[in-house]
Amino acid sequence: MEHTIQAEEFNPADKWTQYATSAIFFVGGFGAASWAPLVPLLRERLAVGEDVLGLLLLCIGVGSLLTMPLSGASAVRLGCRRVLTFASISFALLLFLLSQVGEILLAIPVLLLFGAIMGCIDVVANVQAVIVEKASGRRLMSGMHALWSVGGFVGAGLFGVWVGMLGLTPVVSTLIAAMIMTMVTVFFARFLLPFGGDAGGEMLAMPKGIVAFVGIIACIAFLVEGAIMDWSGVFLTVVRGFDMSMAGTGFTVFSAAMLVMRLMGDKLVQKLGQKIIVLGGSMLAFMGFLAVIFTPVTWLLYVGFFAIGVGSANIVPVFFSLLGRQQDMPIGLAVPAVSTLGYLGILMGPAAIGALAHATSLYAAFGLLAGLVALQLVIARHVYKKVL
């Protein structure tokens, strides 16, 4: 099948285009997970402390924020196919390069580029997903976002197998991971969209109208996810007195719930309607936080983390789908604007929770997260009144 035809003849609802979109989400999650085990190795090679390492890791976030607002316009000018193919292969090459870096002056630009490419993939994959879902007339977004999580689980799991069970070095393991990412990208590249929506002649994605409210929802959703990832272990061990070996269990329950619900999400949205999924999910996540904060019973504590994961899972995918129906901004600008605000949530969340916990307590910090989820519910109701 030849899919390098003219843009006007390309069918974005084609099954293979749907598969290719999911494959790019998988590559993004796989690459991010393959990077995580390299962090302590990078610290060891550079011989730096936690303070310097933290600043180096901030380069990834800075790089992402620099490219995200411009990525949608790039997809419009060059097409999703060119941007995603270049970005995904570059992602793999930079991943392997990070397994080799031994000088801090080289690590800084490589990490900036790595973050820039990661942010670009995130935005343009979502631009393509919105176009493909709208053209197909079916709910696809939750499943596509689930593939990012699947890629993360597979990437983390395979690294453990290669290094722990097969005895391969981290460098060889990273090379294999980079080769997998490249092969998946090359195979599916011809099925990616040769166009990238519309940017209305603009380059910079500044949120306006209803898109600004959707961006705030994404910011809260990603902030909550980042806070659970970074602080749930501290909450369980320091506040609840769990053994250190149990520190990761809260995030594991949360992540598993999110993955399962995203895999089921498209069918649930089709059956129950997106409004129920979003508003009901926000309420469930709010109740989950109350359980985590107040319950004295261990199993109810885990029920709380599970409820947060279930309730939060499909909020971002549903609102990315909704961007295809709003009229305030072109898709090529709306998606990167929302993605940028969402990524700000990931960057701000852990730091904000840490500052509040230091000034008051982790109970108060998790109470803030519950309040933000309640605010998310209020904003979501406003969005639905304006769009539907």
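1. Leaving aside the neighbours within four places in sequence, Ser34 is in contact with Leu95, Gly155 and Ala177, where contact means heavy atoms within 4.5 Å. Ser34 has its place in helix 1, and with a relative accessibility of 3% Ser34 counts as buried; here buried means under 20% relative accessible area, exposed means over 50%, and partly exposed lies in between (1.4 Å probe, protein chains only).

2. Before reading on, please keep in mind that this is a predicted model, in which local features need pLDDT of at least 70 and side-chain atom pairs count only at pLDDT 80 or more, while totals for chains, interfaces and linings use all residues. Residues are numbered from 1 along each chain as its sequence is written, and side-chain values use heavy atoms, with hydrogens and water left out.

3. The protein has 14 helices and zero strands, where helices (H or I, at least four residues) and strands (E, at least two) are DSSP runs numbered from the N terminus. The radius of gyration of the protein is 20 Å, close to the 21 Å that the globule rule gives for 388 residues, so the protein is as compact as a globular protein of that length; this radius is taken over C-alpha atoms, and the rule is 2.2 Å times the number of residues to the power 0.38.

4. Which residues of helix 2 (residues 38-46) are buried? They are Leu38, Val39, Leu42 and Leu46, and they cover an arc of only 105° around the axis, which puts them on the same side of helix 2; the arc is that of the directions from the helix axis to the C-beta atoms. As background, an α-helix has 3.6 residues a turn, so residues three or four places apart point the same way.

5. The buried residues of helix 2 pack against helix 1 (15-35), helix 3 (50-78), helix 4 (80-98), helix 5 (104-136) and helix 7 (170-188).

6. Ala47 is found in the loop between helix 2 and helix 3, and its phi is near 55°, a positive value in a residue other than glycine. Is Ala47 buried or exposed? With a relative accessible area of 67%, Ala47 is exposed.

7. For the protein taken as a whole, 53% of the 388 residues count as buried. Among the contacts with a separation of 6 or more, residues 24 or more positions apart account for 83%.
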